Amino acid sequence: MAIITFQFKNGTHITAEAVVGANLLNLARDYNVAIDAPCSGNASCGKCRVQLMEGDLDSPRTLHISEEEYAQGWRLACVSKVCGDAKILVPDIAFAYMSRMKVADLSSGEEIAIFDQTVSDLKEAGIEFENDLRLIPVTMSEPTLDDTMPDNERLLWALEAATGVDDKKISMNFQVLKNLSQVMREGNYQVQCVTTTHGEGLRILNVLPGDTETKICGLAIDIGTTTVTGVLVDMQTGKILEKASSGNGQIRFGADVINRIIESNRPGGRKRLQKAILEETLNPMIARMCKAAGIPVGWIYRVCIAGNTTMNHLLMGVYADPVRTEPYIPTFFHTSAVKAGDLGLYAAPDARVIVAPNIGSYVGGDITAGTLASSVWTKETFSLFVDLGTNGELVFGNSDFLMSCACSAGPAFEGGDISCGMRATDGAIEACTIDKETMEPTFKIVGEPGQKPVGLCGSGIIDVICELFRCGIINAKGIFVREGKRVRHNIHGMGSYVLAYKEEAASVKDIEITEVDIDNFIRAKGAIFSAINIMVSSLDFDVSMIDDIYVAGGIGSGINMKNAVMIGMFPDVELSKFHYIGNSSLSGAYTMLLSNQAEAKVQELASGMTYMELSTNPFYMDEFVAACFLPHTNASLFPTVAEAMAE
Amino acid sequence: MPFKKTPQKFSAAIKAVEIGTGDKKTVLGGEGVMPLYSFDGPIENAPKVGVEIVDTGLEGEAKGIQEFYAGCTTPAEMAAKAATMEGADFIALRLESADPNGANASVEDCVATAKAVSEATDLPLVIMGCKNNEKDAQLFDKCSEALAGKNILVLAAKEENYKGVAAAAGLAYNQKIGTESAVDINLAKQLNVLVTQMGVKGENVIMNPGTAAAGYGFEYVVSTLERIRLAALGQDDTTLQMPVITPVASETWGVKESMASEEDMPEWGSRDDRGVDMEVATAVAVLAAGSNAVILRHPQSVATVSKLVKELI
């Protein structure tokens with residue numbers, strides 16, 4: 001047995017016992033030490049860097065660590081084996097993903113306005129914003145020696161009198177019953193009941209003393225593979241009381257859904273992953289929001305969750321392996337059987353958990369909710385809805401038909417798989433221009449003015465690659481072809497461009513984008529574009545027939561559509577056709593939370609949507625290879641880019 | 001109703017690319033019809049047949065090849081002999097000895113060999129590398145310099161080394177450049193785009209979009225060649241209008257049907273016959289799918305394929 005001490009920058013530490021030969025990353029996971037490992041320990045991403053302070057580790061130097069850094073004790077956790085007592089410093093970078101995450105969609109008024117816009121769009125389409133939660137004030141007569149009816153019957157009779165619903169059809173939660181006696185006396189037989197319709201009758205979710213000021217709250221959550229965001233909502237007014245976001249706690253078990261499913265199949269894995277999302281991610285987030293709003297978690301009576309198929313399977317602890325193996329069959333598309341109490345989610349135990357329905361193994365509730373929020377289905381003209389995440393999902397259609405498909409883009413849009421990539425937190429470069437003559441870059445950085453750059457987030461990567469291409473620094477394959485002060489090559493001949501030298505950056509090393517990074521991103525954008533092209537051409541359409549393109553996802557409102565077209569990520573259509581609609585999964589969930597009709601509409605949209613499986617499409621590979629070029633192998637698809645490059 | 005012939009007309013054509021100098025120079029491509037469709041329109045430049053000689057000697061070669069070159073001790077002597085083959089249009093010298101994982105001959109030695117071969121024959125010359133990207137880039141650079149004015153074809157630039165090859169062979173010494181990709185129409189096109197973006201004229205490029213021996217995933221080769229031709233002619237895709245050359249011998253002589261000795265496989269019959277059959281079958285198939293030139297090794301294969309071409313066109 002060896003003792004490994006995980007030391008954190010904030011002074012705290014965790015002590016772990018390990019057998020000699022144990023893998024350091026697995027050990028950290030067992031002890032809940034958060035080390036970012038998007039590649040799930042394949043030594044390919046280089047993100048799980050830790051610093052050896054005392055003792056020894058059996059750990060080879062990899063490509064991701066320079067000799068100088070190795071001498072300073074930097075190691076990759078995933079390739080390190082315990083060989084004796086050691087003290088390990090876990091850098092803050094590994095913590096960044098759990099906290100200080102920029103709420104990509106709610107940070108500005110303009111992004112809040114997207115929610116209001118969604119609601120008014122849906123109202124215009126005929127969706128009424130009514131739900132079945134009611135706050136009913138009830139006055140009862142005091143019991144006497146002559147009137148010995150028990151408290152619960154007294155309440156049901158009074159409720160029948162107030163609502164006209166037969167008291168036999170009113171039921172109450174056990175938790176409510178337990179506290180009923182005190183509440184009734186405290187309120188002097190004046191109480192308020194929170195009820196919801198239940199079949200033909202009513203279900204009492206909570207009973208409060210009559211004079212208490214209370215709120216009926218709801219919770220809408222988007223569970224992304226990488227990021228989780230949520231809003232706490234006043235169900236009577238629709239007002240957003242609080243908002244929060246956090247990294248998905250499952251991320252240390254793998255960056256993509258496939259690695260998560262594999263992990264969930266290991267002994268105890270399903271429990272571990274459920275715990276990571278529920279107890280380590282959602283519940284702390286809910287507690288934070290409720291505390292800030294000054295309400296108890298028990299006032300949340302309705303929850304709506306939108307997430308991809310794998311995420312909602314893992315959240316509920318459902319066996320997910322068939323999702324990743326042929327013929328890709330999930331356990332459920334739609335379920336209405338879940339209550340907050342069943343999951344242990346912080347909310348009233350009887351609160352219904354609405355899960356936005358899936359329509360395929362790789363097109364899940366985040367897309368069906370997002371489809372509702374985008375107005376693809378309300379118009380006769382053709383629209384394309386693109387959700388850029390770890391998986392890219394597309395919906396194309398109009399008020400008559402909807403088609404969807406998914407492609408694996410990898411984590412590049414969210415800054416993963418990119419050596420200097422990061423999510424859109426403080427220090428992320430979100431926009432960039434490069435001078436064609438001097439090859440010097442100019443940045444826009446997330447955070448306070450004066451914030452030094454730390455890395456690149458999704459929208460920044462698009463800009464950097466576009467600018468490098470525009471300036472002729474890289475060729476259409478993403479290979480460096482121009483020499484300059486900021487262009488360098490390592491011993492393997494791999495080129496890179498230095499965005500910021502370590503003196504200019506808030507980082508321990510130079511921030512540079514390498515040919516491998518560019519290649520990863522080109523593959524991600526190639527996956528998206530080829531999916532668009534295949535889906536549209538499978539209907540014998542071409543991209544000029546698309547009237548609107550709705551872009552959603554955590555890539556951020558900073559995304560420069562012109563640059564995204566320049567690099568061939570989106571089709572070359574008028575820029576006015578592009579609309580950034582923020583986190584549509586969350587805004588869709590928000591509307592489903594507030595409106596029964598919206599909830600029903602999502603079910604209807606989901607059951608009427610055609611799912612196209614790209615992985616079995618014989619043309620996909622060909623299209624994909626053609627799209628892995630800047631902007632595209634078939635230059636005639638991008639006429640305006642050709643013009644711009646000619647200038 | 002009488003049969004009415006409707007020729008398939010294209011407004012585009014494959015570029016005509018000339019290699020070599022003097023009387024023996026030869027032209028690849030130039031046609032505006034699908035491969036071998038001489039009934040649809042004229043094919044002025046019939047497909048060409050090249051003879052491959054390897055600079056590492058004749059050891060392990062089939063008996064028929066060894067007998068043909070009997071008495072030759074250097075690649076130059078072999079080239080002179082190869083030029084006498086009936087139907088040989090050009091000589092392809094493969095500098096196998098340069099392979100750093102093999103004999104690792106110096107670039108200077110290889111250039112000397114290439115010069116000697118060039119002097120020994122007046123047929124156009126194709127220089128093939130050793131499949132090591134870095135070494136090939138150096139070889140093509142120096143050979144292009146040494147053989148300046150001879151209008152040789154270097155085979156080939158790949159995605160990994162196209163910059164150096166295009167700059168030296170294409171721009172500095174004005175030779176012809178082959179672009180090699182691995183049986184994928186998009187990768188073939190991308191490489192042509194990259195090479196032409198460097199300033200090499202499309203008229204100086206001949207592409208090798210890859211091949212396999214017949215029976216070894218060959219349907220991909222056929223489909224790729226055919227789609228390249230359809231895009232070039234039907235869609236007037238200028239980045240795919242380069243003529244196609246296919247090094248057949250280096251593929252077919254590496255499969256078991258051509259390599260297994262008669263002692264090991266008596267029931268398979270003569271090794272020469274098998275090797276020639278593989279070479280001819282593959283060559284004819286790529287010509288039918290869209291290739292403008294094939295490179296063969298066995299004298300009997302060269303004779304058979306060139307006779308076939310002569311009778312068809």
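Strands here are DSSP runs of E with at least two residues, helices are runs of H or I with at least four, and both are numbered from the N terminus. The model is a predicted one, in which local features need pLDDT of at least 70, side-chain atom pairs count only at pLDDT 80 or more, and totals for chains, interfaces and linings use all residues. Residues are numbered from 1 along each chain as its sequence is written, while chains are lettered from A and ligands numbered from 1 in the order in which they are written.

Staying with chain A, strand 21 (residues 487-489) pairs with strand 22 in the antiparallel sense over three bridges; two strands count as paired if DSSP finds at least two bridges between them. These two strands of chain A form a hairpin with five residues between them, and Gly493(A) in the turn has a positive phi of about 85 degrees. Strand 22 of chain A is also joined by four bridges to strand 23 (residues 511-514) of chain A, again antiparallel. There, Ser496(A) has Thr514(A) as its bridge partner. Of the six residues in strand 22 (residues 495-500) of chain A, five are buried, that is, with 20 or more other C-beta atoms within 10 Å of their own, the C-beta atoms being placed from the backbone.

Now over to chain B, where eight strands form an open sheet in the order 8-7-6-5-4-3-10-9, with parallel pairing. Its edges are strand 8 (205-208) and strand 9 (245-247) of chain B, each pairing on one side only. From one strand to the next, the twist averages 25 degrees. Inside this order, strand 5 (residues 125-128) and strand 6 (residues 153-157) of chain B share three bridges in the parallel sense, and Val126(B) stands opposite Leu153(B) of strand 6.

Where do the chains meet? The contact takes nine residues from chain B and nine residues from chain A, where contact is defined as C-beta atoms, placed from the backbone, within 7 Å. On the side of chain B, helix 6 (residues 185-197) gives the largest share, six residues.

Finally, a word on confidence. The model scores ipTM 0.81 and pTM 0.82. Chain B has a mean pLDDT of 95, with 100% of its residues at 70 or more; pLDDT is the predictor's confidence in each residue, from 0 to 100.

Key. Buried ≥ 20, exposed ≤ 12 C-beta atoms within 10 Å, placed from the backbone. Contact = placed C-beta atoms within 7 Å. Axes fitted to C-alpha atoms, helices over the stretch in contact; angles between N-to-C directions.
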